[in-house]
Amino acid sequence: MTENTASPQMVTALVQLRQALQDTPLPLELPGVAEERTSRAEMVDQLEDYVIPRLMTLEAPLLTVVGGSTGAGKSTLVNSLAGRRVTEHGVLRPTTRSPVLVHHPDDAEWFGQARLLHELERVDRPTTDPGALQLVPVEDVPSGLAILDAPDIDSVEEQNRTLAAQLLAAADLWLFVTSAARYADQVPWGFLRQAADRSAAVAVVLDRTPPEAIDTVSSHLARMLASRGLKDSPLFVVTEGAVSEDGLLPAEAVADIRGWLESLAADAEARGMVVRQTLEGAVRTLARRTHGVADAAGEQAATWQRLRDGVDTAYDSAIEQVDHASADGTLLRGEVLARWQEFVGTGELLKSLENRVGRIRDRVVNAVRGRPQQAERVTVAVESGLETLLLEHAEAAAERAEASWQGLAAGQALLADAGEDLGRASRDFRRRAERTVRDWQQDVLAMVRSEGADKRGTARFLAYGVNGLGVAVMIVVFAHTGGMLAGAEAGVAGGAAILAQKLLEAVFGDQAVRTLAERARRDLEARTRTLLDAERRRFTDLLDSVAVDPAAPDRLRGAARRVDDLRFAAAGSGSGDPDQ
């Protein structure tokens, strides 16, 4: 940036950085994510409240934010610098009120709603609303200077602490107020450390100091400042003394502070140096901190993928196992096999398979003629067997998917918010499985009707009937691959499958049977996938509801590098030092 204007490229780069941060909410619960969310929110606030608007209005008055600990005397100091009561100190703690910004009347245009701290509503009267900013024009405040009284940084009210941090991040100059009794407290030094890290302009006021303690306390405080990277920060001492009825310190007590601020306000070059020092430090720090958010976003993306992989592994395995079990002969046992044997008969009919196919077809026709009830019983047994298979694997997949999530803190949080027990199949799964199997069976019958359209007058088609032939197709599908059964069971089930195939070939021919069986098998696989994918979506919809973008880490790092590149380019042209 130059003396009075900011590079349009830098403004654009910072707007893009802000957008990249806003688009990365870090929703998954991971170790340390709370700190990263806070950091991200602070960075967005600082970009919106200070850095971007300040870059676009470098000639605006110097914003001095007066901050400090509870009871340090901030409000009294602000009133004394303004020359009249403009802000009320809190008699009772915690005090909840809007921050107060005091400025010269001629500078009012710089502090409108669209300027710094745009989220705070502008008001012209005292209010207890911490979302408002009270503007107080005062003739005695020099033009080119504004003083903002912030809430206590160590307030017991979290809202006050958050607002104080937000206001200090929007300051051109920190006027940090402490007292002889509180100057070594940990909380103020945490803020001062942040100021040092980003090279912010800081002045420290040692308030309410007994005369006999001035040398000892001020010397110790100066050493503490130097050891923490703030050796160049001005240190002012205000002795403990009486306060007027108007809440003001004697003019001589704040003369040094007032004189220093007035000299900054009167010297555009000095004022500009303070603004650029703080602004450039803020930009550099924001770019550096962005990489930490990018790392957190990378962890979010990796965890999201682990959660998704756990679900996909569980349900892909379930689909594969159902496909195998419905094609390798597993279903050709128990009730299904018994009902099939009732339908086709056993003994002589099965033995006749050893003879030539052409000689047994008439005997097959005679064996199955007039058995519609037996065909229906096979259909019911198939339905029950498939439903049980589907339910068994749906339960197992849900249990495995839930277990994979329970192993991660992020997964545990998602499960807690699910509103149902995801470790079990859906409560309506059995009903949907029944509908899936019945619809598949109806489609098999429709295929048989379609394939046998020109054969319905033949004796063989009439003998078997649509239901009987449909059952035979299902039996052939269930023995598509074979391999799971052994011993006598394999022999009986294998014979049943061979018989079903021969029955179908007697009506439709070899090629048509293969086509029918393949179509029915693929249809069952598709319906199985649809059914179990609906179960999978209970997990994936929950996971998709959290906004985790795998491209976010690269986008954040790219935005930070762009800002750094512009900083170094500006330094190379002599308009700034990126390392200060």
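**View 1. What the buried residues of α5 pack against.** The buried residues of α5 touch α4 (158–169), β6 (173–179), β7 (201–209) and α6 (214–227); contact here means heavy atoms within 4.5 Å, and buried means under 20% relative accessible area with a 1.4 Å probe, protein chains only. Helices (H or I, at least four residues) and strands (E, at least two) are DSSP runs, numbered from the N terminus. This is a predicted model, where local features need pLDDT of at least 70 and side-chain atom pairs pLDDT 80 or more, while totals for chains, interfaces and linings use all residues. Residues are numbered from 1 along each chain as its sequence is written, and side-chain values use heavy atoms, leaving out hydrogens and water.

**View 2. The buried side of α5.** P188, W189, F191, L192 and A195 are the buried residues of α5. They sit on the same side of the helix because they cover an arc of only 160° around the axis, going by the directions from the axis to the C-beta atoms. Just past α5, S199 has a positive phi of about 55°.

**View 3. Aromatic pairs.** There are 5 aromatic pairs, counting rings of Phe, Tyr and Trp (its six-membered ring) with centres within 6.5 Å; planes under 30 degrees apart are stacked, over 60 edge-to-face, the rest tilted. W174 and F176 have ring centres 6.2 Å apart and planes at 25°, so they are stacked. Both are buried. Y315 and F539 also have centres 6.2 Å apart, but with planes at 55°, so that pair is tilted. It links Y315 in helix α8 (residues 268–325) with F539 in helix α17 (residues 510–544), 224 residues apart.

Note on methods: Buried means under 20% relative accessible area, exposed over 50%, partly exposed in between (1.4 Å probe, protein chains only).
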